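Dear colleague,

I am handing over the structure we spoke about, and my notes on it follow directly below. Please read them with the coordinates open.

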Amino acid sequence: MPRTKGDHEARRRDVSEAVWQVMATRGFAGLTLRAVAAELDATTGLLTHYFPSKRALLEYALDLLEQRTIARPRRHGGAGLAALRDALLDILPLTDQATDSNRIWVSSWDAALCDPALTTDYARKYAQSRDRLSERVAAAQELGELPPGDPADIAAGAQAFILGMVVQTLFDPAAFPPQRQVELLDDYLSALTARTDPTTITRHDPDGRT
């Protein structure tokens with residue numbers, strides 16, 4: 001019997017799950033047609049219908065990662081500083097699902113750094129993420145929850161902090177369980193709220209004169 005569109009879509013979903021599972025357990029370095037075929041209990045010949053090359057498989061895997069990242073439920077605890085905190089919490093590997101996503105994402109950096117087109121695309125994605133964080137920083141400043149300063153600079157620092165914690169957690173999850181990740185994030189945000197605008201600091205010379 002001829003295959004229907006529904007059969008094709010169902011098979012494509014099966015392939016998606018297999019690709020995802022291989023990435024979650026082996027990272028991008030282990031993402032091969034052979035590994036995906038084994039996960040599906042199928043032949044590599046069957047997979048060439050979907051992926052005629054390793055490059056096609058890589059592009060599909062990156063698209064799948066982005067789709068799943070976008071579709072993941074997000075926190076909505078409020079506006080201003082609460083919204084900034086929610087956005088940063090959404091990045092952390094606090095659950096098994098978030099851990100898998102972060103493992104795959106971090107392992108994809110190697111492939112991205114070796115491909116100029118992917119490097120440019122990743123730079124764009126991180127810039128967009130900073131822009132979204134910057135909007136939340138500006139909103140928190142308007143509410144008086146954060147001191148004055150360039151929202152873009154604060155957002156860049158927050159992004160660097162949270163990505164650094166992601167990497168440390170993936171390599172040493174015992175040292176960074178979910179509760180500690182949240183505590184460290186809250187400490188970081190507390191430091192931001194307590195930061196003093198350098199233009200308001202009163203400076204003294206060595207003789208004690210203002």
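Is D186 buried, partly exposed or exposed? D186 is partly exposed, with a relative accessible area of 27%, where buried means under 20%, exposed over 50% and partly exposed in between, for a 1.4 Å probe and protein chains only.

Before the rest, two remarks on the basis of these values. This is a predicted model, so local features need pLDDT of at least 70 and side-chain atom pairs count only at pLDDT 80 or more, whereas totals for chains, interfaces and linings use all residues. Residues are numbered from 1 along each chain as its sequence is written, and side-chain values use heavy atoms, with hydrogens and water left out.

Salt bridges

A search of the whole structure finds 3 salt bridges, a salt bridge being a side-chain nitrogen of Lys or Arg within 4 Å of a carboxyl oxygen of Asp or Glu. In one of them D186 is paired with R85, with 2.7 Å between the closest N and O atoms. Since D186 belongs to helix α9 and R85 to helix α5 (residues 81–91), the pair ties together parts that are 101 residues apart in sequence; helices here are DSSP runs of H or I with at least four residues, numbered from the N terminus. R85 is partly exposed, at a relative accessible area of 28%.

The closest N and O atoms of the salt bridge between D121 and R124 are 2.4 Å apart, and both residues lie in helix α7, 3 residues apart, about one turn of the helix. D121 also meets K125 in a salt bridge of 3.2 Å, N to O, and salt bridges that share partners join D121, R124 and K125 into one network.

Nonpolar cores

The largest nonpolar core has 30 residues, and those with the most contacts inside it are V19, M23, F28, L31, V36 and F51; such a core is a set of buried Ala, Val, Leu, Ile, Met, Phe, Trp, Tyr and Cys residues joined through side-chain atoms within 4.5 Å. Two or more residues each come from α1 (5–26), α2 (33–40), α4 (54–71), α6 (96–113) and α7 (116–142), and α4 provides the largest share, 8 residues. A second, separate core of 22 residues includes V137, I154, A158 and M165.

The largest pocket has a volume of about 820 Å³. Of its 27 lining residues, the closest to the centre are T69, R74, I91, S129 and R132, and the largest share of the lining, 8 residues, comes from α7.

The second largest pocket has a volume of about 160 Å³, and its lining includes R26, F28, R103 and F171. Helix α6 gives the most to this lining, with 3 residues.

With best regards

Conventions: On a 1 Å grid over the protein atoms alone, a cavity is a set of points where a 1.4 Å probe fits but cannot get out, and a pocket is an open set with protein on both sides within 12 Å along at least five of seven lines; lining residues have an atom within 4 Å of a point. Grid points are joined across faces, edges and corners, and a volume is the space filled by probe spheres set on the points.
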